[in-house]
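Try each task before you read its solution.

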Amino acid sequence: MNNATLKTSFVTVNGARHRVWEKGSGKPLGFLAGIGGRPKWLPLFDRLAQHYRVVVPSLPGFPGAEPGHLLLDDNSDWICATLDLLEQSGLTGADMIGACLGGSLLADVAAHSPRSVGRLALIAPFGLYHETHPLPDFFAQTFSQQKKLLCHREHAFDEAFAPPEDENDKEEWEILRYRGMEAAARYLWPFGDRGLGKRLHRVTHDTLLIWGKEDKIIPPPYAQAFANGIKGATQTLLIDNAGHLADIDQPDTVAQALLTYFNSA
Amino acid sequence: MKLMYFHLMPYMDLPEDFAEKHESVWVDVNSKLFDPRKAHHMYHEFISELEHADAVGFDAICVNEHHSNAYGMMPSPNLLASTLARSTTDAAICVMGNSLALYNPPTRVAEEFAMLDCLSGGRLIAGFPVGTPMDTCYAYGQNPSQLRQRYHEAHDLIMRCWTETDPFAFHGRFNQQRYVNPWPRPIQQPHPPVWIPGGGAVETWRWCADVDYVYAYLSYYGYLAGQATMQGFWREMKNLGKEPNPYRAAFLQFVGVAETEQEALDLYREPAEYFYNRSLKVSPKYVAPPGYMTEATLRARAQSQVAKLAGQTAGADAAGAGAAKVESGGGPPSFEEMVEKGFVVIGSPDQVAEKLTTAIKDLHFGNLMVLLQYGNMQRDLATYNTDMFAKYVRPQIEHIFENEWEHHWWPKPMPMADRAAGNSHE
């Protein structure tokens with residue numbers, strides 16, 4: 001199964017093409033990324049693909065997708081687009097991992113359409129905002145400041161988000177990166193609060209909450225807030241030396257935690 | 001030529017060490033620096049300066065909209081325009097303008113602009129800016145990715161307000177109103193002339209051409225830096241088959257006139273340094289929220305060296321790129337640089353007229369918006385500057401384009417004889 005090949009296909013949601021990566025066999029396990037998307041297939045996915053058919057669709061406007069985000073205005077537009085994307089990618093009812101805003105979208109999908117997803121692993125999801133723990137304005141930052149907010153290990157960020165070598169591709173990559181940031185802003189502006197607090201009680205799914213102890217975007221106290229709000233059984237894992245993108249900062253630890261969690265059933 | 005007197009209404013009492021001690025003049029500028037009692041005097045002085053500009057024969061007086069901004073104290077330009085509509089009689093009232101996506105519902109703009117048009121006897125120029133990122137996305141919390149979609153919908157709604165004769169229902173993507181029936185309605189028919197302040201975005205140019213509006217390039221960096229953008233604009237007009245009527249375009253320029261060059265250099269050094277070193281200290285973190293610039297504009301810039309250049313020199317309204325440029329360019333410019341690079345046109349009347357003639361002809365604009373009060377310039381100096389310009393510079397440039405082109409985008413007020421007693425020459 002280590003020799004499985006990475007397959008790339010495209011699905012259409014709201015008339016826009018969205019890339020879907022797939023590798024491995026067996027039960028499907030989906031991954032929805034957040035800010036920055038996942039422009040590269042990562043070693044973490046390979047670890048998971050040794051045991052699962054790992055499916056990674058791009059959210060509207062994020063790297064790998066056409067600008068479908070421009071059609072999404074309110075929260076229900078985003079939820080429906082995510083439901084369509086899961087359906088088109090063959091992920092309906094599958095166990096799902098969601099990082100950052102991919103996590104808040106999954107929680108909202110679970111609240112609105114419980115049978116559309118199986119068990120959940122949420123890595124530092126957005127969706128709540130408490131004035132006692134205000135989130136920083138991620139968008140009002142220079143790029144180098146944003147990198148530091150996203151990852152604890154700058155080197156890990158650079159590796160996961162390195163621009164292509166080719167100069168022409170580099171220009172196009174800058175545009176696609178910008179598009180992805182716009183899509184994130186469209187969903188998160190201005191606080192990332194999607195009113196999820198009113199709906200978490202409808203999330204009856206078993207949920208693993210993964211949080212970087214050094215998360216500078218959504219501080220770890222939010223892990224407790226999610227654990228308190230979700231009605232399903234929750235486990236919380238705080239990860240050392242990891243920031244907001246914990247799966248990029250500490251891929252081995254996160255992969256191990258995910259495998260242990262999803263294998264446990 | 002149309003000569004238009006533009007005022008930013010800057011707070012004039014920022015501390016000398018503002019640039020060192022404060023990160024930004026905009027968005028999170030420290031409100032403890034604002035003294036309302038001083039602002040009382042400033043507002044009255046600024047209004048008097050605009051009234052004086054009308055009295056000495058400027059073709060228009062202009063106000064604009066900024067939020068949480070220490071160099072522009074007009075969150076509501078309509079309030080100022082309203083008092084000016086009452087106290088002046090001749091000059092066009094140019095509100096440059098209302099950032100459409102910030103008005104909820106946008107019908108408000110149709111109503112207030114119609115009120116201003118009625119009050120002024122049909123002298124309104126209706127400016128429809130998208131608004132800077134600092135004003136719209138940060139100070140007013142608008143989603144940068146939705147801003148332009150909301151702007152265009154608001155524009156369509158306002159135009160229907162002004163052009164439809166019966167009440168109508170508006171079922172938009174962002175605005176839903178079952179009953180739209182603005183009352184009052186504008187004097188100018190079918191509607192007041194619409195001007196669009198913009199940066200170097202090709203889409204804005206195309207749109208202005210398409211709907212036949214004036215494009216106003218409000219750069220703070222003067223006619224030399226503005227060349228690339230204006231050339232890009234005219235090239236695009238040519239591509240679109242539009243005649244090169246200079247009245248399609250407006251351009252902003254800082255000016256300082258005195259009897260001699262040396263006197264001008266001495267007089268205007270302080271206010272210019274105040275503006276460029278203190279007032280323009282905008283934190284770069286606020287200038288480019290993702291989505292504010294569209295992907296299409298980004299692509300156009302990547303493909304065109306000229307457009308790239310235009311993008312780099314675009315002024316405050318083009319996403320504050322100019323501010324970022326100053327930030328990244330190793331400190332603020334010296335006064336000598338400001339003069340040399342044409343940020344501020346300084347000199348004797350003949351020198352100023354010569355430079356402005358060059359600017360007008362090279363950049364090919366028929367509407368010159370001059371800033372004669374800037375920074376901490378006090379009223380006596382602002383009045384002197386205004387009088388010198390009106391007496392000695394204006395006669396040398398006002399004839400340019402005369403008899404060559406017709407201005408299709410200028411207000412058509414009521415005849416003076418028909419005007420109200422309090423708002424006419426009577």
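Keep in mind that this is a predicted model.

**Exercise 1. A buried arginine**

Solution: 
- Arg119(A) sits in the loop that links helix H3 (101-112) to strand E6 (120-123) of chain A.
- For a sense of distance, pick Thr92(A): Arg119(A) is 27 residues from Thr92(A) in sequence and 12 Å from it in space, C-alpha to C-alpha.

**Exercise 2. Sizing up chain A**

Task: Decide how the radius of gyration of chain A compares with what the globule rule gives for 265 residues.

Solution: 
- Begin with the parts list: chain A has nine helices and eight strands.
- Along the principal axes, the C-alpha atoms of chain A fill a box of roughly 50 × 45 × 35 Å.
- On the inside, buried residues account for 50% of the 265 residues in chain A.
- Finally, look at contacts in chain A with a separation of 6 or more: 74% of them join residues 24 or more positions apart.

**Exercise 3. Two helices crossing in chain B**

Task: Describe how helix H4 (residues 107-120) and helix H6 (residues 147-163) of chain B cross, and say which residues make the contact.

Solution: 
- The axes of H4(B) and H6(B) come within 8 Å and cross at roughly 45°.
- That angle makes H4(B) oblique to H6(B), and the crossing is right-handed.
- H4(B) brings Thr107(B), Val109(B) and Ala110(B) to the contact, while H6(B) brings Leu157(B), Ile158(B), Cys161(B) and Trp162(B).
- Sort those residues by type and you get six nonpolar, one polar and no charged.

**Exercise 4. Where the chains meet**

Task: Find how many residues each chain puts into the contact between chain A and chain B, and which helix of chain B gives the largest share of its side.

Solution: 
- Chain B supplies 17 residues and chain A supplies 17 residues.
- On the chain B side, helix H11 (residues 295-303) gives the largest share, four residues.
- By type, the chain B side splits into eight nonpolar, five polar and four charged residues.

Note on methods
Residues numbered from 1 in each chain as written. Chains lettered and ligands numbered in written order. Predicted model: local features only at pLDDT ≥ 70, side-chain atom pairs only at ≥ 80, totals over all residues. Axes fitted to C-alpha atoms, helices over the stretch in contact; angles between N-to-C directions. Parallel < 35°, antiparallel > 145°, perpendicular 65-115°, else oblique. Left-handed = near helix turned anticlockwise from the far one by under 90°. Contact = placed C-beta atoms within 7 Å. Nonpolar A, V, L, I, M, F, W, Y, C, P; charged D, E, K, R; others polar. Rg over C-alpha atoms; globule rule 2.2 N^0.38 Å. Buried ≥ 20, exposed ≤ 12 C-beta atoms within 10 Å, placed from the backbone.
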